[in-house]
Amino acid sequence: ACVSSGVRRMTTTGKIMRAVEHCHYWLVGGFWMLLGLACMVNIFWGGYWWLQPPWIKSAVGLPYFLVGLGFCLRWRWARWCMVLLMIFALLACFDGWLCGAWCGNHQLVRLCLVGFVVIIYSSWFVGWSLVRIFESFDS
């Protein structure tokens, strides 16, 4: 990059990469935000909602919604919270995969494999964004 008078100029490639990065923040954060919202809406559409305590689905859905929103808005705390939520999502997906494999439910196994791919991609992008935070501290 060209440096003149202490200010870095961004090249065209840098501008394109910055735009792609912003789109990925919106995609990953928006996906997890919608997933948390779907979990909270499922309180009423899940059937027999009067028999299930609604605080369980709210306790699961609300953190994903808030962290997804924070990730869309590129808040630093949301990146660290997303790491923790990815661990919980990975464990839930692994549990579903084991249950599906044990019972012979091939649809659940395929769904969990798709979940693994989404979680791995989201975790990769969260890790990459955390590395970018520390790079910005160095410069």
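## Helix α3

In this predicted model, helix α3 has 28 residues and reaches 41 Å from its first C-alpha to its last, which is close to the 40 Å expected at 1.5 Å a residue. The buried residues of α3 are A78, R79, M82, L85, M86, A89, C93, G96 and G100. An α-helix has 3.6 residues a turn, so residues three or four places apart point the same way. Just after α3, G104 takes a positive phi of about 80°.

## Packing of α2 against α3

Two packed helices are described by the angle between their axes and the distance between the axes. For helix α2, residues 54-72, and helix α3, residues 76-103, the axes come within 9 Å and cross at roughly 140°. An angle over 145 degrees would count as roughly antiparallel, and α2 and α3 are therefore oblique to each other. The crossing of α2 and α3 is left-handed.

On the α2 side, the contact is made by P63, Y64, L66, V67, G68, G70 and F71, while α3 contributes W77, A78, R79, C81, M82, L85, F88 and A89. Of the residues in this contact of α2 with α3, 12 are nonpolar, two are polar and one is charged. Among the α3 residues of the contact are A78, R79, M82, L85 and A89, and these five are also listed as buried.

## The loop between the helices

R74 is found in the loop between α2 and α3, and its phi is near 60°, a positive value in a residue other than glycine. R74 is partly exposed, with a relative accessible area of 25%.

Methods:
Residues numbered from 1 in each chain as written. Predicted model: local features only at pLDDT ≥ 70, side-chain atom pairs only at ≥ 80, totals over all residues. Heavy atoms only, no water. Axes fitted to C-alpha atoms, helices over the stretch in contact; angles between N-to-C directions. Helix = DSSP H or I, 4+ residues; strand = E, 2+ residues; numbered from the N terminus. Parallel < 35°, antiparallel > 145°, perpendicular 65-115°, else oblique. Left-handed = near helix turned anticlockwise from the far one by under 90°. Contact = heavy atoms within 4.5 Å. Nonpolar A, V, L, I, M, F, W, Y, C, P; charged D, E, K, R; others polar. Expected span 1.5 Å × (residues − 1). Buried < 20%, exposed > 50% of the residue type's maximum accessible area, 1.4 Å probe, protein only.
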